[in-house]
Amino acid sequence: MSEELWQKYYGQPNPKYGNRAQYGMLIDINKCLGCHSCTMACKHTWTNGPGQEDMYFNSVSTAPYGKYPRHDGDPKDSQKYDYRHSNLYQDTPKGTFPNLWQFYLARPCNHCADPACLPACPTRSIYKNKDGIVLIDQDTCEGFQYCVKACPYDKIYYNPVTKKSQKCVFCFPLLEKGREPQCVKSCVGKIRIFGNLMDPESTISKLIRDPNLGVQPYDPETGLKAVHRVISTGERRQYRPDYGTIPSVWYVPPRNIPQAEVEKYFGYAMQGLIDEPHPVPPEVKMKDI
Amino acid sequence: MSTSRRTFVKGSLAALATAGAPFKLAGPALAALQEPKDRPWEDALRDQFAGEKIVRTVNLPNCTGSCGWNVIVKDGIVMRVEPPYDYPDDEYNPRGCMKGQTYHRRVYSPGRIKFPMKRIGPRGGGQWRRISWEEAFDFIASEIKRISEKYGKNTIWIYPPVPATGLVKQGAGFRFASVNNFGIGTFYNWYGDLPLAHPITWNVQTEEHEFKDVQNTKYAIIWGSDVLQTRMPDAHFFTDVRAKGVKLVYIAPYFDPTASAVDEWVRVRQGTDAALALGMCHVVVKRGLTDEAHLRKTTSGPLLVRRDNGKYLKQADVAADGDPKTFMVYDASSSLPVADEYFSDKPQLTGSWEIVLKDGSKVRCSTSHTIFLEQLEDYDPKTVSEITGVPADVIERIAIEYATAKPASIWAGTGINHWYHGDLMGRSVIALGCLTGNIGRNGGGVSPWAGQYLMRLSPQDYFFPLKEEGKPDRHRPVPLDTAYVVNGPTETMFNKEKLWRQIRCIWAAGGNLLGEASDQSNLMRKVLPQVELIVSPEIEMSTTAQLADIVLPVVSWYELPFDITTTPAHPYIQLVEGSLKPLYEAKTDIEIYYEVCKRLGTGDIFKFNHPEPAIEHLLATGGPKVKGITLDRLKKERVIRVNLPSSPYAPFTEEVSGKHKFKTASGRQELYKDEDRFLQFGEHLPVHKEPHTATPYGRSKVWKEAKKERNPLYEKYPLVYHARHTRWSVHSSWRTTEDIVKLDDIGQPLIEMNPKDAAARGVAAGDWATAFNQHGYVKARVKIREAVAPGAIIIYFGWQREQIREGHWNALTHNDINPIHETYFIPNVWGPVSGHFDQLCEVKKA
């Protein structure tokens with residue numbers, strides 16, 4: 001991402017929600033082992049309760065065939081989700097033997113700068129906290145599930161037992177204690193960098209702005225000891241930026257797959273970011289509202 | 001603000017367009033800007049972390065990862081585990097995959113064994129009677145006494161788990177067998193994990209580089225080792241160096257996960273890896289890229305070999321008073337054979353001469369390198385391409401890349417071990433490492449990654465206790481090699497009287513023997529009916545427990561009071577400490593052994609009934625690698641690096657710098673072997689032989705002969721059958737854990753095949769199909785994947801008895817024993833290596 005674009009997206013407080021921090025992630029797909037340690041760490045922390053059996057806030061699937069959730073249920077209802085078998089088509093590559101490609105796509109909630117789920121909520125239970133984390137108030141959520149349908153990334157889940165919608169919380173209670181989210185901490189492939197995208201000094205914002213910074217050892221600003229995490233150099237992209245929600249989860253796209261395929265996942269023929277005019281408004285103050 | 005609102009409306013419209021939701025929102029999302037104090041629900045999430053107690057321990061599965069975990073306990077229940085980030089070397093943080101993260105689900109598994117049980121119906125019928133521990137101990141002891149008297153003590157057979165499952169726990173099995181003089185099985189060779197090429201070439205069990213040493217490499221070949229699936233805690237070392245620009249090459253027949261994460265995938269025909277390695281050797285030699293100094297100083301290259309009988313020329317051959325154990329080299333200045341001196345740069349590396357023997361007769365001798373060079377002529381890239389299916393230009397290119405990158409490393413795995421001729425594949429790959437001088441260098445080497453064997457301390461005194469303090473006599477078990485126990489004896493075996501018995505009692509000490517054994521049909525049909533007692537100490541109802549006569553509940557790792565663990569590729573000794581009180585009636589293995597010993601009258605010799613004194617004993621008698629490490633220190637530090645000569649550890653650094661010799665008879669790396677059996681089978685030097693079973697050509701023959709023949713078995717069973725390790729289980733451990741199984745496709749055994757093969761057999765994805773051959777069959781659903789090479793099927797294994805609809809994935813495997821593997825017998829060091837990848841099958845719609 002160019003410095004100019006970074007300024008546009010992260011150089012100012014969020015124009016709509018005012019958050020002055022935007023926590024985000026950089027995931028190096030080239031290094032993903034497809035081991036689902038992130039999925040499991042998340043599941044055992046957040047979605048091990050009733051009604052959450054097939055709920056994975058963080059999921060990993062083998063692109064291109066693996067999808068979670070799948071939509072291939074009822075032909076009359078394209079939005080009927082199938083959450084079962086979250087890792088169907090694992091390791092099923094595309095192409096004809098021996099010319100094949102596949103990659104593991106790890107996806108937590110994107111905690112978008114302009115989330116689609118938030119305005120869809122009829123009870124106004126979805127909010128962006130001061131760290132830019134998108135949360136659903138479980139006290140006020142009434143389970144209308146408009147957010148579930150609004151999220152283009154299918155990262156909001158309806159819990160039929162509590163009758164509320166639930167989603168990734170970026171482990172905010174752990175962040176408050178100076179710890180990284182569970183999916184980052186447990187990532188045994190060491191492919192994830194976490195931090196504040198709006199902080200020009202944070203490792204993540206430096207790594208995203210300068211694609212050549214990848215191979216430097218990484219000192220996270222969180223309370224953990226220094227962790228040697230090596231990130232591939234090369235362009236940083238968002239997954240499906242064409243949805244226009246400005247996701248806060250960034251990727252180093254896979255090198256081993258045809259460039260045209262990279263564009264489908266990480267740019268949709270837009271060569272990466274949606275570089276449309278996106279004026280940066282003046283800082284939002286409470287008194288303006 | 002106006003701008004903001006405009007953007008907002010636009011944004012929400014976009015969102016509506018995406019969602020197609022039939023409503024719109026007029027105002028801004030005021031809720032978004034509310035202060036946190038207005039969101040009391042958040043506190044519920046914060047509070048869930050209150051009151052947690054953390055215990056640092058290690059998981060002990062047979063993946064041998066020995067990953068440290070912080071076990072998080074609340075109100076006496078394990079909530080979850082987290083990586084502790086406490087390895088002194090930060091490169092090793094974090095360790096542990098999704099399986100380790102899910103172990104607590106096994107602790108609380110619905111299949112957990114709660115109390116001792118005795119079978120009341122037929123074996124495997126699932127009818128049990130709850131008994132007390134006293135009753136269980138008494139019954140086992142009386143049965144063991146009865147069987148010992150009737151058939152002999154060595155028909156009581158302890159099948160030990162691997163060292164990674166805890167030194168105290170595993171060692172207690174050995175100790176139990178030792179003090180009672182029972183038979184004991186082997187695991188490392190019989191699993192097929194032992195790279196026999198290592199004892200053959202270096203006379204070591206196995207030596208490999210610490211995984212951190214990947215960071216020092218300039219070029220890495222991952223040879224038949226799907227590290228992304230099978231070595232998750234260390235796989236990042238490979239992807240890390242790749243990110244830094246080091247080229248990774250993966251050599252394997254299938255498009256495995258690892259193939260998708262490297263720079264080049266070299267697709268080789270199954271079982272022809274030796275040919276590929278020798279083809280690369282050929283290119284290295286022809287291009288003049290050989291490291292002659294390395295060959296001359298440290299390998300068997302310059303040693304003279306008699307061309308009349310293929311034996312090494314010894315001093316006793318040429319001089320009347322010569323030493324029969326001294327090897328000879330050719331000295332150019334005196335034109336005479338002289339005694340070999342290790343690390344000398346004088347001897348001729350190539351050449352043939354007429355040597356005068358002590359009786360005056362002349363015999364033609366060549367250096368062994370000369371013979372190797374002659375043999376390499378058969379492996380030109382064109383021929384190798386014909387054998388392996390790898391294009392000639394690719395062979396040429398990767399050979400040059402490997403030979404010119406210094407240092408370059410090879411990381412080999414079970415893909416080239418689990419074969420009848422796995423030793424030849426390993427030796428060929430090692431030859432490539434020797435030719436290019438990569439052995440004994442940091443960032444180089446040929447490291448096998450398969451299975452577990454090496455303990456970073458000497459367990460001698462604990463495993464085989466002294467009969468009397470101060471005297472060398474020890475209590476020892478009778479080694480009954482598992483391969484023979486399952487297969488029956490062979491004509492060519494090292495010592496039939498000693499190594500084989502029809503066993504009458506199986507003590508499956510923490511291993512799922514009956515669920516995992518290759519050659520399943522033989523074991524079930526021939527061996528098992530004659531076994532009168534099967535004891536299964538287990539945590540969950542595994543296949544073995546289901547088929548046992550007595551099932552004993554054992555504590556899980558989180559209930560274990562203490563244990564210690566070391567692994568080879570990760571040079572730490574770690575303390576295992578449980579965080580829970582034993583659940584139900586579970587006991588530790590060591591206590592169970594002690595109680596049985598007490599009833600057999602050997603309790604005093606067995607001595608330990610609790611892990612703590614056993615750990616102290618192990619550390620005190622463990623030798624130099626654990627010098628200075630005590631239980632107290634471990635309790636404080638939890639993880640301590642063992643004393644090793646280099647960091648990161650690389651084997652043979654001292655040998656290749658001339659500090660001391662290799663442990664072989666010649667003191668050199670023996671690429672050339674002159675034992676009768678090697679000469680008899682034409683395997684004195686690494687050669688490519690077609691697979692013993694899984695080949696369309698002549699079986700176990702060199703290419704010149706093999707290509708003229710057709711394998712009659714292949715006409716009937718034209719698919720190579722590979723039952724393989726998956727990321728989702730460690731053999732059968734975790735295979736029944738719901739959280740894990742749910743992430744493994746549809747959570748069932750799957751016959752995975754190429755669409756071409758499926759179409760030819762009229763099978764569609766999701767169909768039930770049977771894979772079968774002359775030995776047995778397995779019935780499972782079909783998954784269609786281009787990643788599987790045409791002409792092969794893969795089944796990811798580990799499924800328990802109740803999860804397989806019919807048959808068994810190992811029912812199709814049968815391991816003929818390779819006589820080369822029987823040249824010597826040292827338990828778990830030199831013995832029959834299972835070739836369970838060397839199998840064929842056919843698939844039909846069920």
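Trainee: How many helices and strands does chain B have?
Mentor: Chain B has 32 helices and 31 strands, where helices (H or I, at least four residues) and strands (E, at least two) are DSSP runs numbered from the N terminus. This is a predicted model, in which local features need pLDDT of at least 70 and side-chain atom pairs count only at pLDDT 80 or more, while totals for chains, interfaces and linings use all residues. Residues are numbered from 1 along each chain as its sequence is written, and chains are lettered from A and ligands numbered from 1 in the order in which they are written.

Trainee: And why call chain B as compact as a globular protein of that length?
Mentor: The radius of gyration of chain B, taken over C-alpha atoms, is 29 Å, close to the 28 Å from the globule rule (2.2 Å times the number of residues to the power 0.38) for 846 residues, so chain B is as compact as a globular protein of that length.

Trainee: What share of chain B is buried?
Mentor: Buried residues, those with 20 or more other C-beta atoms (placed from the backbone) within 10 Å of their own, make up 57% of the 846 residues in chain B.

Trainee: Switching to the sheet, what is the strand order in the one with 3 strands?
Mentor: In chain B the 3 strands form an open sheet in the order 1-2-3 with antiparallel pairing, where two strands pair if DSSP finds at least two bridges between them. Strand 1 (53-58) and strand 3 (77-82) of chain B are the edge strands, each pairing on one side only.

Trainee: How many bridges join strand 2 to strand 3 there?
Mentor: Strand 2 (residues 68-74) of chain B is joined to strand 3 of chain B by 5 bridges, and B:Ile72 stands opposite B:Arg80 in strand 3 of chain B.

Terms used: A residue is buried if 20 or more other C-beta atoms lie within 10 Å of its own, exposed if 12 or fewer, and partly exposed in between; C-beta atoms are placed from the backbone.
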